[in-house]
Amino acid sequence: MLTSICGINWGDEGKGKMVDLLSEDYDIVCRYQGGNNAGHTVINERGKFILNLLPSGILRENVTNVLGNGMVVDIKHLTEEMGRLKEKGVSITPKNLKISDRAVITMPYHVLLDCLEEERLADKKFGSTRRGIAPVYADKYMKKAFRMGELLHPERLKARIADIVEWKNLTVEGGYHHAPLTVEEVWNYFETYGMPLKEFICDTGLYLNNAEKEGKKIMFEAQLGALRDIDFGIYPYTSSSSTIAAYAPIGAGVPNLKLDKSIGVMKAYSTCVGEGPFTSEYDGEKAEVLRAAGGEYGAATGRPRRVGPFDVVASSYGIRCQGADEVVLTKLDILSVYEEIEVCTAYELDGKIIHDFPFSDALDRCKPVYETVKGWHCDISKCRVKEELPKEALDYIAFIEKACDCNITYVAVGAERDACIKLK
Ligand code: GDP
């Protein structure tokens, strides 16, 4: 059984919480793309955890966690993240954590270049999380990156460092006029943060294939959402990897296997971190109300998120991109602040009403078309079964389900693990 949990919107939909909840029935949870540029917040009986690199299954004792080959791994960040979890009593051993030998290593100079480039762009900046993600993926495709498996062959690794440093300095020193990198600092970095991870590194594709043959249930955990996908998102304001469910078997190391199910996680309203077109964006007082109600500040960066009503056009596109068989609607409790709820049901583009998510250039010119539906305006965060939800909340779910032509099977009404209602 292979299931993917993916984001329908711009990220921060609450995927971590859903992986934490649904992983109870799974043996393995695998991250297949991205790095430590996003944060999954998980709150359960053991406390509150912010996970940047580790799969959310790490909080379950019987789940094996995999960092797949599609990921970029900041080894210093991973070491610190593992340390924070261990302090809270989470056990992390080579038995419950496996890192792909093909995963690429995010280096300090990737972070440096990310910052230097955002500073150069000044008011035209992309809104990067400055975690080095775009520079490290660029190096992957330039075939100039270091991979985790190289840590197992130090002599070969040492030989490559000089070549890479020489090449990288053409940009660091030559392009940005920054102090050059040295071979010594790169080697020391691997010794400090890379070598201690050696016991976790293996051929995770082989591991997953064998596990699948044994009948193990595997869950793939995406980071970010469809609208941040490098191909299908709001390019160039996207991430640098594929956040799409169909990529999960590739980024996990099992391109020979097919997904059985794609579960899309979709927020009951819209949020977006960073720059780029965001059609159904509220501003001023309206934005403040929704941001405060939803506590919309980035888990990885603390940045205030841009907020607005649910966007049917963007979400329908996200559902299509993710091939979502089922959808989980999260943070419905936040909409309790409203007596009436606005929903963006279409865009106006150059005087025409459109329902299909357009190409980037046209997206910049789109204006939201809102419809208003009745709110429930009472606390629903304690509801645990469908029957406890007010009629207006059920009507809102039905409205979204019909407008997006999707199958909403769960609704989340709080951050805690059990604040979730199974609808079907
Ligand atoms: P992810 O990256 O998709 O896992 O999402 P984030 O962790 O960045 O953001 C989701 C935030 O909303 C986290 O702080 C969660 O604890 C919280 N959350 C998830 N689902 C719900 C929900 O249904 N209601 C409320 N109030 N908070 C939720």
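Helices (H or I, at least four residues) and strands (E, at least two) are DSSP runs, numbered from the N terminus. On a 1 Å grid over the protein atoms alone, a pocket is an open set of points with protein on both sides within 12 Å along at least five of seven lines, and a cavity is a set where a 1.4 Å probe fits but cannot get out; lining residues have an atom within 4 Å of a point. With that in hand, the largest share of the lining of the second largest pocket, four residues, comes from strand 3, and that pocket is where the ligand sits.

This is a predicted model, where local features need pLDDT of at least 70 and side-chain atom pairs count only at pLDDT 80 or more, while totals for chains, interfaces and linings use all residues. Residues are numbered from 1 along each chain as its sequence is written, and side-chain values use heavy atoms, with hydrogens and water left out.

**The ligand and its shell**

- There are 17 residues around the ligand (a heavy atom within 4 Å), and Gly-14, Lys-15, Gly-16, Thr-41 and Asp-333 come nearest.
- Polar contacts here are pairs of N or O atoms within 3.5 Å. Backbone atoms take part: an N or O of Glu-13 lies 3.2 Å from a ligand oxygen, and a polar backbone atom of Ala-412 is 3.1 Å from an oxygen of the ligand.
- On the nitrogen side, a backbone N or O atom of Gly-414 is 3.2 Å from a ligand nitrogen.
- Taken on its own, the ligand has 590 Å² of accessible area (Shrake-Rupley, 1.4 Å probe), and the protein covers 91% of that.
- Two elements give two or more residues to the shell, helix 1 (15–22) and strand 3 (40–44); helix 1 gives the most, with three.
- Sorted by class, the shell holds seven charged residues (Asp, Glu, Lys and Arg), four nonpolar ones (Ala, Val, Leu, Ile, Met, Phe, Trp, Tyr, Cys and Pro) and six polar ones (the others, Gly among them).

**The second largest pocket**

- The ligand counts as sitting in this pocket if more than half of its atoms lie within 2 Å of the grid points, and it does sit there.
- Helix 1, strand 3 and strand 4 (47–51) each supply at least two lining residues.

**The largest pocket**

- This one has a volume of about 1000 Å³, with 49 lining residues; closest to the centre are Ser-128, Ala-134, Thr-238, Ser-239 and Ser-240.
- Helix 4 (133–142) is among the elements that supply at least two lining residues, and gives the most, with eight.
- In class terms, 22 lining residues are nonpolar, 16 polar and 11 charged.

**The cavity**

- One cavity of 30 Å³ or more turns up in a search of the whole structure.
- The largest cavity holds about 60 Å³ of space, and its lining includes Tyr-269, Leu-290, Phe-310 and Glu-342.
- That lining divides into 10 nonpolar residues, one polar and one charged.

- The peptide bond from Tyr-235 to Pro-236 is cis, with omega near 5°, and Pro-236 is in the loop between strand 10 (218–225) and helix 8 (248–252).
- Ala-122 has a positive phi of about 45° despite not being a glycine; look for Ala-122 in the loop between helix 3 and helix 4.

Definitions and conventions
A polar contact is a pair of N or O atoms within 3.5 Å; within protein, one must be able to donate a hydrogen and the other to accept it, and residues adjacent in sequence count only if both atoms are side-chain atoms. Grid points are joined across faces, edges and corners, and a volume is the space filled by probe spheres set on the points.
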